[in-house]
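Okay everyone, thanks for coming.

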Amino acid sequence: QPPQPNADLPSLDKPFIFVPLQVPGDSQLRLFGGNFKTVESFVQALVATAAHLPEGWHLRLKEHPSTPAFVGEMLKDVSAPIYLDNSSDTFAQVAASKGVMTVNSSVGLEAMFFDKPVVACGQCYWAIPGMADTAPDTDTIANKLSSAPEWTFDPNIRNAVLSFLEQVYYPPQVAEN
């Protein structure tokens, strides 16, 4: 059954950080999640730090579409500005966001094509200075959230890396005649 929209969600035109969650048990989390090797530990860190967001901002989480929903239960008694939106399209949320925070989801890399600042909380090859920022622990997440309006990136570095990925690492396929 498709997820139902949450009537309590702020509209997409309010300032927010989008947080795409990963599949629980995913090897990317287990091996490269750093301090956040589970979805639960990452959500707990976000709950603990969401109050550091600027006034009027919120975190908007989305569970991976191939996993059973469970994060809503973790958020049911939370009063911090953190919401679960499993019904809105992922890329609509990326496009409307002021930035993306993830452990190491590919949505972080994809958000760069939308010119969004990205903060990686785990280990990922694209989290290099100028391309994305990092927040490897709860204290750093709190600091990043408090300065969310100032998140930025270097478009020259990002364009160089994304161009390399497009042209060299993932070259276009040539159709056989």
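**Cavity, pocket and a helix pair**

So, the largest cavity holds about 40 Å³ of space. By cavity I mean, on a 1 Å grid over the protein atoms alone, a set of points where a 1.4 Å probe fits but cannot get out. Grid points are joined across faces, edges and corners, and a volume is the space filled by probe spheres set on the points.

Quick caveat: this is a predicted model, where local features need pLDDT of at least 70, side-chain atom pairs count only at pLDDT 80 or more, and totals for chains, interfaces and linings use all residues. Numbering starts from 1 along each chain as its sequence is written, and side-chain values use heavy atoms, with hydrogens and water left out.

Searching the whole structure turns up one cavity of 30 Å³ or more. What lines the largest cavity? Pro 20, Leu 21, Gln 22, Leu 29, Thr 38, Val 39, Phe 42 and Val 103 (lining residues have an atom within 4 Å of a point). That's six nonpolar, two polar and no charged residues (Ala, Val, Leu, Ile, Met, Phe, Trp, Tyr, Cys and Pro count as nonpolar, Asp, Glu, Lys and Arg as charged, and the others, Gly among them, as polar).

Now the largest pocket, at about 390 Å³. A pocket is an open set with protein on both sides within 12 Å along at least five of seven lines. It has 22 lining residues, and Gln 22, Asn 104, Ser 105, Ser 106 and Val 107 are the closest to its centre. Helix α5 (106-111) gives the largest share of that lining, three residues (helices are DSSP runs of H or I, at least four residues, numbered from the N terminus). The pocket lining splits into eleven nonpolar, eight polar and three charged.

Touching here (heavy atoms within 4.5 Å) are Phe 42, Ala 45, Leu 46 and Thr 49 of α2 with Thr 138, Ile 141, Ala 142 and Leu 145 of α6.

Terms used. Helix = DSSP H or I, 4+ residues; strand = E, 2+ residues; numbered from the N terminus.
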